[in-house]
Amino acid sequence: MYCSCADGYDVYDVWHKFVPSVTTEYTISLCNSSFDTTLSLFDNQGVEIDCNDDSCGAQSKINIILTGGQEYYIRIAGYDGDVGYYLLNINRLLQEPLNDLCPNATEVYLDTSYYGTTVGATGTAVSGCSINDRLDVWHSFVPSQTGYHTVSLCGSSFDTTLAVYDGCYGAKLACNDNMCDVQSETVAWFAAEQTYLIRIAGKGNKTGDYVINISERFTQPANDQCDSSIEVFEDVTYTGSTFGALGDTGSSCGYNFDFYDVWHEFNPTQTKDYLISLCGSDFDTTLSVYDGCEGTELTCSDDSCGSQSSLVISLSQGQTYLIRIAGYDGDMGNYSLIVTESVPAPINDECQNSIPLQLNEPYTGSTESATGIAVSTCGEDDSLDVWFSYTPPESGNYEIDLCDSQFDTTLSVYDGCGGTEIACNDDYCQEKSKVSLYLETGITYLIRVAGYRNAIGSYTIVVTTDCLFVPEPVDPYPNNLSYATELSPVLAWNSGSAILQNTTASQIMLKGIYGTDDRQDEYEIMNAQLKAVGDSTVALIPVYDLTNNGDGTYSIPSTTLADYYLANYGRPLCSDEPFIDQPTPAVCTGFLIAPDMVATTGHCVSDSVDCSDIAYVFGFTMTNASTPVVTFDESEIYYCAGIVARVQTPDSDWALIRLDREVINHAPLDTRRAGKIDDNENLAVIGHTLGLPRKYADNAWVQDNLQLEHFSANLDTYMGNSGSPVINMDSYEVEGLLFAGNQDFVADIDCDRSAQCPDSGCPDWEKVTRVTEFSDMIPVFDVYLGTSPDDMLLISADSPRPWCNTDTLECGINYFWQVIAKSNCTEMAGPVWIFSTIPAGDHDHDCDVDLSDYAALASAWMNDDCEIANNYCDGKDIDKLGSVDIDDLAIFLTSWMENINP
C-alpha cells in the first residue's frame with residue numbers, strides 16, 4: 001500500500017491507531033523526523049481520508065476534524081523509499097468548539113454515543129438548574145417516535161449541567177445538574193420529527209470532555225407514580241422493576257440523585273416495629289417511607305445489605321404509608337421488597353450493655369432494630385447504634401475493623417459511656433469503616449457501630465494490633481533454687497531446655513545462576529555452622545500433598561523436577577540440568593525466627609486461607625546423591641495458626657507465620673536487628689529451589705545496597721527459593737529473605753536450561769527483603785546474671801533463642817538471673833531465679849564439705865528467717881524453704897558422704 005500524495009514511491013511503512021476523545025480539529029505531525037516522510041490517514045473501513053507529503057520541510061503534517069470515539073489509522077512512510085526515525089505528535093487544536101453556538105448545534109442520534117468538548121466554549125446565559133454554567137455547547141436531536149427519552153452525560157470527565165429546549169432560545173423542557181455523581185441526566189417527553197436543542201455546560205464554568213447518549217424510555221412501570229402505588233402485605237415478597245421509571249425529586253439518603261422511582265403502599269394491621277427490606281435486589285437501591293403522597297419523608301436507607309437497602313420503622317395500625325424505591329445515582333434494576341415484623345433490639349443496643357471484644361476474634365452481629373439518638377462526628381444521621389467494649393492487654397497501636405460488614409457503617413471510639421469521642425471513621429474500606437489508634441493497657445474503651453444515614457445491616461467487627469505480645473518467661477533451667485550447678489551452665493527458659501535436648505543446631509552460638517552454579521545438597525555441606533542454619537529452614541508444601549501413613553508419619557509426592565516442568569510448561573528440561581531426578585513438592589521456603597514463628601514471603605501466603613492450606617515441613621533433604629527424604633515424622637510437620645503480619649509490595653515482600661505449636665526440634669535463627677549489611681559482603685542462600693530438597697548456595701555477594709527495603713545479590717536461586725534465608729557468611733546472621741529475581745530458564749533449541757548470568761547481573765540481580773523490615777516483631781530475650789539480685793549484668797541481648805551460654809562461673813557462689821522477653825511494643829520481665837555453684841553444705845565456700853561446714857550449719861540451726869534478702873541465711877537454708885532444719889541437715893550429710901567417698 002502507498003499513499004495518494006507520494007506518487008506510489010513510499011512503499012516501506014508503519015502504522016498507528018488513534019481514537020480521538022472528542023470531536024474537534026486535530027494536528028497530526030511528523031515534523032522533526034529524520035527523513036523525508038509521507039503521512040496518510042485512513043478510517044476504520046480502510047478508506048484514505050487525508051494525505052500529506054511535505055509540510056514542515058521534507059516532513060509531513062495534517063490538520064483535520066475527527067469524530068470522537070472513532071478509530072483512525074495513521075500510515076507513516078518515506079518518500080521515494082526513504083527510511084529513518086520519526087517523531088509522531090497528535091494535538092487537539094484549542095479553539096472554540098464547532099457547536100459553540102445554538103444555531104451551529106451538532107446533531108446527535110438515538111443510541112449513538114457522541115464525544116465532544118466544552119474546552120474553548122463561550123456563552124452568556126445559564127441553565128437555571130445550576131450556577132455559573134455559562135460556557136456551553138449545543139446539540140440537536142430529532143426523535144423518530146413520540147415518547148419519553150433519556151438524555152445522559154454519564155461518563156463525562158467533568159461536573160456537567162444539562163438542559164433541553166424546544167428550539168434555540170425556546171422554552172426549557174428539562175434540566176439537571178447532578179444525576180450520576182457530578183454528571184447529568186434527565187428524562188424529557190419528545191414529539192416525533194420535532195427538533196430539540198440540548199445544552200451542555202459545566203457547573204462553576206468548568207470545561208472538559210463529555211459523552212452524550214440519548215435513549216428511549218417509552219414503557220413505565222405500573223407504579224411509576226405515587227398515586228398509582230401497588231399495595232404490599234406483611235410477610236409477602238413483591239418483585240418489580242424500576243426500568244423505565246420517570247421519577248421525580250430524590251430522597252435524602254440518595255443525595256437527591258435517585259430520581260427514577262416506583263411506589264408501594266403498606267397498611268399495617270398492628271402498631272409495632274417493621275423491617276422493610278430490598279435485600280436481594282440486583283441494583284444499588286435507596287428506600288424511603290412517607291406518610292402520604294407528597295407527604296413527609298419519615299425515614300430513608302441507602303446501603304444496608306451490600307448496596308441494597310433495608311430499614312426498621314415503627315408504624316401505626318390504620319395509617320397508610322408510602323414506600324419509595326429508587327436507584328442510587330440513577331441506577332435501575334429489578335427489586336425484591338418484603339415487609340416483616342422487626343426482631344427485638346440487639347442485646348448491645350445500649351452502651352451500658354456493650355459486648356466485650358477479644359483481640360483477633362471477629363464478632364458478627366446486626367444493627368437491625370437498634371435504637372439511639374446520638375450521632376458520631378464523622379457520620380450523618382447515624383443514630384441507630386450498637387456498642388462494644390475493649391480492654392487492651394498491653395499499650396500499643398490497635399485497629400478496629402468493620403471492613404467485612406454488609407452495609408454503610410460508621411465507627412467511633414469513646415473513653416467511656418457518655419464520654420469523649422477519641423476516634424471516628426465513616427468510609428475507610430469503601431463504605432465500611434476502620435480506625436487505627438493508640439490504646440493504653442488497663443483502660444476499657446467503648447466502641448460504637450452505626451449506619452450512615454441510619455443504614456442498618458449485618459456487620460463483622462474485629463480488633464487487631466501490630467503489637468506482638470510476649471508472655472512472662474517461665475520454666476528456668478537450671479531449676480530455680482537448684483544447687484551444685486556446673487561451672488559453665490547453659491541457661492534456658494520456656495521451651496529452651498527441650499530444644500537443647502532435641503537439636504544439634506543449638507550448639508551454634510552465633511533465581512537463575514550467576515557465574516558457576518554453586519547449589520549443593522545437604523550431604524555435600526561440610527560447614528557445620530551453615531548446616532545448622534539450614535536445619536532451621538522449612539519447606540512450604542501444600543497440605544493436600546501430604547499422605548498420612550497411619551503410623552505417625554507422612555509422605556510427600558515424589559514427582560521429579562523433569563516431570564513437573566514438562567507437565568507445567570510443555571517443554572522438557574535439558575538432560576544435563578542438575579537435580580532433574582529429584583522430587584519437587586515444595587512451593588516456597590521459610591525459616592524459624594522464634595519457637596512458634598516462621599518467616600517467608602508475602603506472596604507465598606496471600607491470606608489466612610492460603611496459609612492454612614500449607615504445611616511447614618522440616619528436614620526435606622537429600623541423604624545422598626540418590627536418596628531424598630520423602631517420609632517425615634509428624635513432629636517435623638507444622639501448620640498455620642495465623643498470619644502475624646504480612647507485606648507485599650514491589651520493594652518489600654514478607655510474612656510472619658504463627659505455627660500451631662512450638663518447635664522443639666530446631667533452633668530459631670539469629671537475625672540482624674538494625675542497620676544494614678556492608679557492601680560486597682559474602683552471602684549464602686538456603687532453600688527449596690524449584691521445590692527440591694534443601695539446597696545451599698554460597699559464593700554470592702551484595703551487589704546493590706542502596707534501596708531502603710531490600711538489597712540485591714548474585715544468588716543462585718529459582719522459584720521455590722521465595723522466603724529463603726540469605727545468610728551473612730561472616731556472622732551467620734540472617735540478613736534478609738529472597739523474594740524476586742531474574743528469569744529462571746531459557747530455551748535451548750528443543751529443551752530448556754538454567755538462565756546463565758554473569759556475576760555482574762542480567763543486568764539485575766536477585767532481590768532480598770531486608771530482615772530489618774520485620775525484625776522488631778521477632779520476640780527476643782535479654783538475660784541478666786549476677787551474684788546479687790540488685791547487681792546483675794546483661795550477658796545476652798536480643799537473642800531469639802530461649803537459652804544462652806555463660807562464661808565460666810566461680811565455685812561456691814549463689815547466682816541470680818532474670819530473663820526479659822521483648823517484642824516490637826512490649827516487654828515482660830520474668831522473676832529473679834537463683835542457682836548455686838556451691839556444693840550442698842559448703843558454707844565456707846571452699847568447694848569442700850567438711851566439719852567446718854557442719855559447724856556453720858549448726859550455728860544457724862532452726863533459724864526460720866531465711867529468705868532471698870539474706871541469701872537464705874548465707875546458704876545454710878540449703879533447700880531455700882525459709883528455715884534451717886532437718887531437711888537441710890539431710891542434704892548436708894548426703895553431700896558430706898559424697899565428698900568422703902567420691
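# Legends to the close-up views

**Figure 1. Strand β38 (residues 537-542) and strand β43 (residues 614-618) form an antiparallel pair joined by five bridges.** The model is a predicted one, in which local features need pLDDT of at least 70 and side-chain atom pairs count only at pLDDT 80 or more, whereas totals for chains, interfaces and linings use all residues. Residues are numbered from 1 along each chain as its sequence is written, and side-chain values use heavy atoms, with hydrogens and water left out. Two strands count as paired if DSSP finds at least two bridges between them; helices (H or I, at least four residues) and strands (E, at least two) are DSSP runs numbered from the N terminus.

**Figure 2. Six strands close into a barrel with antiparallel pairing.** The order around the barrel is β38-β41-β42-β48-β47-β43. On average, neighbouring strands of this sheet are turned by 40 degrees against each other, direction ignored. The axes are lines fitted to C-alpha atoms (for helices over the stretch in contact), and angles run from 0 to 180 degrees between N-to-C directions. Strands of a sheet pair through backbone hydrogen bonds, either parallel or antiparallel.

**Figure 3. Five strands make up an open sheet with mixed pairing.** The strand order is β8-β10-β15-β12-β13. The edges are formed by β8 (106-107) and β13 (172-176); each has a single partner strand, so one side of each is left without a neighbour in the sheet. Inside the order, strand β10 (residues 137-141) and strand β15 (residues 196-202) run antiparallel and are joined by five bridges. Phe141 is placed opposite Tyr196 of β15.

**Figure 4. Strands β30 and β31 form a hairpin with six residues between them.** Strand β30 (residues 409-414) is joined to β31 by four bridges, and the two strands run antiparallel. Leu411 stands across from Asn425 in β31. In the turn, Gly418 has a positive phi of about 70 degrees.

**Figure 5. Trp15 and Phe42 form a tilted aromatic pair.** Rings of Phe, Tyr and Trp (its six-membered ring) pair if their centres lie within 6.5 Å; planes under 30 degrees apart count as stacked, over 60 as edge-to-face and the rest as tilted. By this rule there are 23 aromatic pairs. For Trp15 and Phe42, the centres are 5.4 Å apart and the planes make an angle of 50 degrees. The pair links distant parts of the chain, since Trp15 belongs to strand β1 (residues 13-18) and Phe42 to strand β3 (residues 37-43), 27 residues apart. Trp15 is partly exposed, at a relative accessible area of 38%, whereas Phe42 is buried, at 6%. Here buried means under 20% relative accessible area, exposed over 50%, and partly exposed in between (1.4 Å probe, protein chains only).

The rings of Trp493 and Phe781 also have their centres 5.4 Å apart, but their planes stand at 75 degrees, so this pair is edge-to-face. Trp493 and Phe781 are both buried. Together with Trp817 and Trp833, they form one aromatic cluster.

**Figure 6. Arg661 lies over the face of Tyr638, and Lys695 lies over the face of Phe579.** A charge sits over a ring if NZ of Lys or CZ of Arg is within 6 Å of the ring centre and within 35 degrees of the ring normal. The distance from the ring centre is 3.9 Å for Arg661 and 4.7 Å for Lys695.

Figure 7. Most residues other than glycine have a negative phi, and most peptide bonds are trans. Gln430 is found in the loop between β31 (421-425) and β32 (434-439) and counts as exposed, at 66% relative accessibility. Asn494 is placed in the loop between β35 and α1 (496-502) and is partly exposed, at 22% relative accessibility.
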